[in-house]
Each structure stands twice: as structure tokens, then as C-alpha cells.
Amino acid sequence: MTISRDVATDGKTWEQVLSESITSPGELSSFFEIEEEKVQSVISRYPMTINRYYLNLINNRGDGIYEQAVPDIREITEEEGLEDPLNEEELSPVPGLTHKYPDRVLFLISNRCAAYCRFCNRKRKVGRPSVVTKETIKEGLAYIRKTPKVRDVLLSGGDPLLLPDEKLHQILGELRSISHVEMIRIGTRVPCTLPQRITPELANLLKGFHPLYISTHFNHPREITPQAALACARLADAGIPLGCQTVLLKGVNDNAEVLGRLMRKLLFIRVWPYYLFQADLARGTAHFWTTLERSLEIMKGLQGHTGGLGMPHFVVDLPGGGGKVPL
Ligand SMILES: *Cc1c(COP(=O)(O)O)cnc(C)c1O
Ligand code: SF4
């Protein structure tokens with residue numbers, strides 16, 4: 001089945017694109033043959049948002065983009081996996097902040113995403129208003145302020161870049177007022193799922209808080225569109241080093257040819273492939289898991305496709321909070 005491309009996102013603001021997202025089974029069924037009750041039961045547990053830009057990247061039901069965005073009944077029928085595979089809650093001195101490695105923290109400042117990825121390892125949290133609040137952000141900032149060994153702050157979510165410019169400006173400003181915070185990193189999927197968000201104003205705002213790094217999250221070569229390239233060019237031109245954290249996903253990118261194309265296209269848009277993750281053991285995502293054996297085989301195949309610049313570190317984030325281990 002092919003998708004009607006009557007919905008142009010060009011010329012619309014990112015807020016408009018986001019507000020026209022598909023969030024109900026009824027809307028979804030006008031694009032794909034789906035069982036509405038099943039989709040409803042999945043999204044009452046794990047929310048769905050598919051914005052029209054990302055929707056338009058789907059060529060066929062079941063392709064690598066479809067699988068990432070469209071709910072699957074297996075998300076609620078599979079028994080395997082853990083709610084909190086990386087033990088982020090237990091390693092949390094204050095809600096929404098994980099302090100696992102001595103010198104750096106993971107700080108959630110948003111609970112919204114431009115599209116809810118079905119494979120998300122934080123799917124227990126995303127889209128839930130209570131997870132990140134004004135209060136948790138305040139507490140997180142206070143914790144960083146009183147903890148001098150934290151020199152690297154990794155902002156995540158949800159998607160930090162779904163915050164309005166003023167709110168981002170305020171949080172970044174507070175972080176920059178803390179003298180022991182040497183660098184700020186933003187983990188975001190927006191350059192991939194809603195590149196319209198990377199406006200010249202946003203790039204200019206971010207430029208004021210260097211050294212600031214951005215980790216993007218592309219999983220499939222077809223996600224690298226002219227719009228995504230423009231978004232990354234704006235960030236790179238603002239002097240922001242860009243990396244990519246890709247997740248190895250069955251049915252999406254689990255072969256060396258697809259990954260090789262992805263890595264080459266990333267380099268072409270000035271994004272440095274940083275990590276390739278073995279999928280975390282999050283509940284509701286087992287249908288995306290590859291075996292470690294298969295993953296290593298894919299990595300080996302990838303070595304033939306690209307030079308060192310295009311070779312991400314292949315890492316497993318150990319279940320239970322053991323941390324990232326390169327293989
Ligand atoms: C991944 C991660 C980081 C950052 O790790 P790097 O290897 O420095 O990119 C920091 N804190 C937590 C909890 C993480 O999961
Ligand atoms: S954008 Fe990131 S946090 Fe949000 S659903 Fe996707 S993987 Fe999860």
C-alpha cells in the first residue's frame with residue numbers, strides 16, 4: 001500500500017506539523033489497514049504520535065520507517081524485558097536525573113517526542129506528563145549545582161528540543177551559570193523525526209552555550225532527507241559537533257548494507273556516527289531484538305563498507321545499570 005502524499009509539511013512551522021500528528025487509531029486507519037482495537041490497546045499503554053513529516057517517509061506497510069512508528073500488538077503481548085532495563089530509577093538521586101558515571105549525568109527535561117518510537121527503551125516514561133515537571137527540572141539543576149564532579153550534562157527526555165526556545169534558553173542558561181559544568185550535550189531525535197524544529201533561531205540560540213554537542217538519532221538511510229540535511233547543516237554551521245546514536249533493530253536496519261548506507265549518508269550531512277547500540281531489553285520491544293551473534297556479524301560486514309570515520313562504536317548498555325560496554 002502506498003501513502004497519499006497530499007499532506008505537505010513544507011512551509012509549516014514545527015508546532016503546526018506537530019499539532020497535526022496522528023494520535024488515534026481512527027486517523028491511522030485512513031493510511032494503513034490496521035486493527036483499530038488492537039492499536040487502541042497498545043496506545044493506551046504506550047502513546048502514539050506520528051507527525052505528518054515522519055509519516056510521509058513510510059513507503060510501505062512494514063518497511064523500516066513503518067516499523068519504528070506504527071504500534072504493534074506485540075508491544076503488549078510479549079513477556080520478555082524489563083520496565084527499566086538500565087536501572088535508571090535506582091541510579092537517580094533526584095527524579096528525572098541519572099548519575100551513573102562519576103563525571104556526567106543524564107538529565108530528562110522533556111517528556112514529549114516528535115514521534116513515539118515503538119522500540120524506545122524509555123517507553124515506560126515518554127508521553128507521561130508526570131515524569132518531567134517544572135519541579136523535577138528545578139531539582140535536577142539544584143543537584144548538578146551542588147555536585148562539583150559533574151562536568152558533563154547530557155540533556156535527554158523525551159526530546160529536549162521539543163521545549164519552546166524560551167524554556168530551553170532558560171535551562172541552558174542555568175547550566176552555563178554553574179562553573180563546574182564544562183560541556184552540555186543534547187540527545188535529540190528531532191533532526192530525524194521533525195527537522196522543521198531546527199530553525200535558524202534555534203541554531204542561533206544553541207550557539208550561545210558552547211561547548212555544546214548534539215547527539216542525533218537516525219536508524220535508517222531513508223531518514224536522511226533534504227530536510228534532515230538542512231537541519232543538520234544549520235546545527236553544524238552553528239559550530240555544534242554532531243554525533244549519531246543508532247540502535248540496531250530487527251526489521252529496520254539489521255543488515256550491513258543498510259547500515260553502511262546510513263553511515264555514509266550521516267557523514268555526508270556532517271554527522272559523525274558515535275554509537276551503534278545493541279537494543280536494550282526494554283519490555284514491549286522484544287520483536288526488535290537481534291541476537292548478539294547476529295549483531296557482531298553485521299558489524300563485521302559493516303567494516304567492509306566504510307572507513308574508520310563511518311564506524312560507530314558498537315556498544316551494549318548492560319541490563320541493570322552496568323553501563324555501556326564496547327564490543
Ligand atoms: C549513556 C549515558 C551517559 C553518557 O555516556 P557517554 O558514553 O559518555 O556518551 C551518561 N549517563 C547515562 C546514565 C547514560 O546512560
Ligand atoms: S525520540 Fe527518543 S525518547 Fe522519544 S520515543 Fe523515540 S527513542 Fe524514545
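Which strands each supply at least two residues of the shell around ligand 1? In this predicted model, they are strand S1 (97–101), strand S2 (104–108) and strand S7 (272–278).

**Figure 1. The shell of residues around ligand 1.** Sorted by class, the shell consists of 5 nonpolar, 1 polar and 4 charged residues.

**Figure 2. Side chains of Arg104, Tyr274 and Tyr275 beside oxygen atoms of ligand 1.** In the side chain of arginine 104, an N or O atom is 2.8 Å from an oxygen atom of the ligand. Tyrosine 274 places a polar side-chain atom 2.7 Å from an oxygen atom of ligand 1. For tyrosine 275, the corresponding distance from a polar side-chain atom to an oxygen atom of the ligand is 2.5 Å. On its own, ligand 1 has 390 Å² of accessible area, and the protein covers 90% of this area.

**Figure 3. The largest pocket, whose space is taken by ligand 1.** The largest pocket holds about 1,000 Å³ of space. It is lined by 46 residues, of which Asn121, Arg122, Ser156, Gln245 and Phe277 are the closest to its centre.

**Figure 4. The lining of the largest pocket by strand and by class.** Strand S7 gives the most to this lining, contributing 4 residues. The lining comprises 23 nonpolar, 13 polar and 10 charged residues.

Key. Residues numbered from 1 in each chain as written. Chains lettered and ligands numbered in written order. Predicted model: local features only at pLDDT ≥ 70, side-chain atom pairs only at ≥ 80, totals over all residues. Heavy atoms only, no water. Near = heavy atom within 4 Å. Polar contact = N/O pair within 3.5 Å; in protein donor to acceptor, adjacent residues only side chain to side chain. Areas by Shrake-Rupley, 256 points an atom, 1.4 Å probe, with all protein chains shown as cover. 1 Å grid on protein atoms, 1.4 Å probe; cavity = no way out; pocket = protein on both sides within 12 Å on 5 of 7 lines; lining within 4 Å. Sits in = over half its atoms within 2 Å of the grid points. Nonpolar A, V, L, I, M, F, W, Y, C, P; charged D, E, K, R; others polar. Points joined across faces, edges and corners; volume = space filled by probe spheres on them.
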